[in-house]
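Visitor: I am new to this structure. Please show me how to read its features, one at a time.

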Amino acid sequence: MTDLDLRSRLAQAAQTLQLPLSDKQLDQLMAYLALLGKWNKVYNLTAVRDPAAMLTQHLIDSLSLLPPLQRHAAGQPIRLMDVGSGGGLPGVVIAIVDPSIDVTCVDAVGKKAFFIAQVAAELGLPNLHGEHARVEQLKAAPFDIITSRAFASLADFTDWSRMHLKPGAVWAAMKGQHPTEELAELQQRAPDREVFHVEQLNVPGLDAQRCLLWIRPGIAASAA
């Protein structure tokens, strides 16, 4: 599949998701895909190697998060943390598609955080930042939304990142199938956290289930 074919597939997916992307944004997403493939040979950023598979399983999968994020932001600029970002998924895609979202990608592996910083520099993304740290040890201003994609269990994800939530902020966890066991674990370990919305994500071209879980500190946490 040629780069032109990949770009066309990307544009069609964005249209299906009702994301109006400019030519510049499509070019940036394609440039990011190329960087991901190039650096993957040395840094092992993802187990997926085929560009067409990376496009669907990583970039378009990450694109599916944008409509819910933008509905939640309601046109207001927000700060977002992407925990365990790896090669920048979904953080880089978010930063490219919506410049009003200031994205910090956090990863405990230094070379992955360095890659994010390199992507931000090469693609000219002032709203994208890479941080090398364990999330529970990160020193940073609080965030409006904390997200993750296949990072950890819901209980661990919210435990480790909770200190970084602004008052009124939320978590948005991307998962595959409905994580029944993780939800039960979360309820048992953290009854002060409320899953207030679960929505299915439509990923064009991907024959697999995806869902997004919105979580917020409950009344007990707020009163503590």
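Guide: Start with a pair of helices: α2 passes α3 in a right-handed crossing. A crossing is right-handed if the near helix is turned clockwise from the far one by less than a right angle, and left-handed if anticlockwise. Helices (H or I, at least four residues) and strands (E, at least two) are DSSP runs, numbered from the N terminus.

Visitor: Which residues of α2 and α3 make the contact?

Guide: On the α2 side they are L29, Y32, L33, L36 and G37, and on the α3 side P51, M54, L55 and L59. Contact means heavy atoms within 4.5 Å. By class, this contact has 8 nonpolar residues, 1 polar and no charged ones. Ala, Val, Leu, Ile, Met, Phe, Trp, Tyr, Cys and Pro count as nonpolar, Asp, Glu, Lys and Arg as charged, and the others, Gly among them, as polar.

Visitor: What describes two packed helices?

Guide: In general, the angle between the axes and the distance between the axes describe such a pair. Axes are lines fitted to C-alpha atoms, for helices over the stretch in contact, and angles run from 0 to 180 degrees between N-to-C directions. Here α2 (residues 23–43) and α3 (residues 51–63) pack at about 115°, with their axes 11 Å apart.

Visitor: What kind of model is this, and how are residues numbered?

Guide: This is a predicted model, in which local features need pLDDT of at least 70 and side-chain atom pairs count only at pLDDT 80 or more, while totals for chains, interfaces and linings use all residues. Residues are numbered from 1 along each chain as its sequence is written, and side-chain values use heavy atoms, with hydrogens and water left out.

Visitor: At what angle do the axes of α2 and α6 cross?

Guide: The axes of α2 and α6 (residues 110–123) cross at roughly 145° and come within 11 Å. This crossing is right-handed. From α2, the residues Q28, A31, Y32, L35, L36, W39 and Y43 meet K111, F114, F115, Q118, V119, E122 and L123 of α6. That contact divides into 10 nonpolar, 2 polar and 2 charged residues.

Visitor: How many residues of α3 are buried?

Guide: Buried means under 20% relative accessible area, exposed over 50%, and partly exposed in between (1.4 Å probe, protein chains only). In α3, 11 of the 13 residues are buried, and the helix is mostly covered. Among the buried ones are M54, L55, H58 and D61. Their cover includes α1 (3–16), α2, α4 (66–73), α5 (91–97), β4 (143–149) and β5.

Visitor: Is H164 buried or exposed?

Guide: H164 counts as buried because its relative accessibility is 2%. It sits in the loop between α7 (154–161) and β5 (165–175). Apart from neighbours within four places in sequence, H164 is in contact with M81, V135, L138, A140, P142, F143 and I146.

Visitor: Where is L183?

Guide: L183 is in helix α8 (residues 180–189). L183 counts as buried, at 19% relative accessibility. Setting aside neighbours within four places in sequence, L183 is in contact with L154, H178, V195 and L213.

**Backbone details**

Visitor: Which residues does a cis peptide bond join?

Guide: It joins L89 and P90, with omega about 10°. P90 lies in the loop between β1 (78–83) and α5.

Visitor: How many helices and strands does the protein chain have?

Guide: The protein chain has 9 helices and 7 strands. Of its 224 residues, 52% count as buried. The C-alpha atoms fill a box of roughly 55 × 35 × 35 Å, taken along the principal axes.
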